[in-house]
Amino acid sequence: MKKTIKIIIEAIILGVLVFFMTAAHLLSSLDYMVRDKLYQIPRGIDSKIKIIGIDEKTLMELGPIQTWSRSRYAELIRILDQSGETRPSVIAFDIQFSGEVDEGDAELAAAAKEGGNIVTVNQLLYKGKAELNDDGVMVDPVVGVDNPYDALKEAAAIGFSNVAQDSDGVVRHVLTTQDYQGTAYPSFAKVVYETWCSVKGETPVEAPSDKFGRSAINYSGRPGDYECVSLVDVLNGKIDPRVFKDCVVFVGAYAAGLQDSFEVPNGGSSNMYGVEIHANALQSYQQDRFAVMGSPYLFGLITAVLAMILHILFRKLKVWQSLILLVLAIAGEVTVCVLLNNGGTAFSIIYFPLALVISFIYSLAIGYILEQAHKRKVMNAFKKYVAPQIVEEISKQGDFSIKLGGENRDIAVLFVDIRGFTTMSEALEPEQVVAILNEYLALTTKSIFDNLGTLDKFVGDATMAVFNAPFDLPDYEYKAVCAAMDIVKGGEELEKVLFEKYGRSVGFGVGVHCGPAVVGNVGCDVRMDYTAIGDTVNTSARLEANAKKGQVLISDVLYERLKGRIRVNEIGVIPLKGKSNGVNVFEVLGVDGEE
């Protein structure tokens, strides 16, 4: 119950974290990077959108753009609009024609008026300091408009060419309209699109926009993808103007020195020129592929609930199951977000996967810590009754389960008891009795562990050990007899020491038998003991009860398994308490070595 409550609290904390990060857009830069990779996949450019660039070649031949007469632009219009075989749908100049310069001004205005398909730009002037608008949204207010000179203003459609850069300087959005002194100024791409619709006889659609008046551009091409030809090549007649028939032709800066390039989400290390950004925005208009940010609060709430559910599952499932669930959940969220973006609604994408990864790693770490604690608990338990070598093997195998229940195994069982312990305990002080008993128990334990046996229990002055449980032990019958002989030999040395200390001598009687038994943990959930149960155990105990001081008695069954490896003296058939038939018993005199 406590564990469940703890997991629920963890899930709630994770859910709050997801909601807060999504609503506050805390890691905006990282989110932008991921969204750029997933949302801005090139969709293929429209070949009917072309660019006539003021490139390095044009500047080399015609000189700095500031020195040009605007008659050059008038000449370009006349070349493109000379006939129905060459006429573009729209000629869009991404060039600021502020103020009057020379007689070319009138020529450009006249050409624009005659063509009737010309769009040019103005520039919005911003205050440069964000303020709250009437809707309570922080915006940078417009404080002025830099329009083209009057004659051109009357002859051409106009839209502002300002681009909307995000906090990291990347252009991901277009401003559809901007208000200034009660007038709504449309963007350059919007005016180009509406002019194109007018030529085509189509009804323009409104791009969705967020509270800041922005629409996210789903870029169709990367920098350099749209076909671009040099302005000077068109003016010199090197380009057949018929290639521009029915196209939307953007005219603008296409050289680094003109400082009209920007970082874009799909540009990589390359910047995109302003005319290319407007071309992408136009294609988004034509294909109705703009997107706006959906409610971060709603999306944050949905992903928070999902994260909470998944965290609970992570804490309960196996690692491989959690890993599969993690991958599926992240893939699912990415797929849904991409589809929603393509449908016109964009959402932050990183917070849910980030929270899931944190949850998975946390669950993995907690699981590891708990597993290690469980292993330590089991190891400490095993160390109390299993030889250190076996404990080491358990650690390597990683099998640490402890549960109630048993299994049938063929084992060897050893019982050893102090002869004359009751008489001795009556004659000595309690402290002396305990000291002697501890010496004896240390000897039996060492002998059992040295031969890889399992110490089952101490019962007063008796010791019980099993061999071949809980893990398989090669040649366990032989090892059991060796342990018995080590106890007897060690007892001879211990007898001398104890006699010098206490004036009392002790001896051991040992019984060993082998056969099937039920071994396992017996008890309850609160307390359990690892032990062996069955006739094999009882027979071994009866053999020990019949053994004299310094004597190791084994059954005929055990002798048959070890014949030729041990030296014995046949005692004969003796009755054992609790058994209807006697058992042929042998006294072990020595062991001859392992096979």
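A salt bridge is a side-chain nitrogen of Lys or Arg within 4 Å of a carboxyl oxygen of Asp or Glu. The structure holds 27 salt bridges. This is a predicted model, in which local features need pLDDT of at least 70 and side-chain atom pairs count only at pLDDT 80 or more, while totals for chains, interfaces and linings use all residues. Residues are numbered from 1 along each chain as its sequence is written, and side-chain values use heavy atoms, with hydrogens and water left out.

**View A. Salt bridge between arginine 70 and aspartate 105.** The N to O distance is 3.1 Å. Arginine 70 sits in the loop between α3 (56-62) and α4 (71-80), and aspartate 105 in helix α5 (residues 104-115), 35 residues apart. Helices (H or I, at least four residues) and strands (E, at least two) are DSSP runs, numbered from the N terminus. Arginine 70 is buried at 7% relative accessibility, and aspartate 105 is buried at 5%. Buried means under 20% relative accessible area, exposed over 50%, partly exposed in between (1.4 Å probe, protein chains only).

**View B. Salt bridge between aspartate 592 and arginine 567.** The N to O distance is 2.9 Å. Aspartate 592 lies in the segment after β26 and arginine 567 in strand β25 (residues 566-574), so the pair ties together parts 25 residues apart in sequence. Aspartate 592 is partly exposed at 46%, as is arginine 567 at 43%.

**View C. Salt bridge between aspartate 456 and lysine 457.** The closest N and O atoms are 2.5 Å apart. Aspartate 456 is buried at 10% relative accessibility, whereas lysine 457 is partly exposed at 32%.
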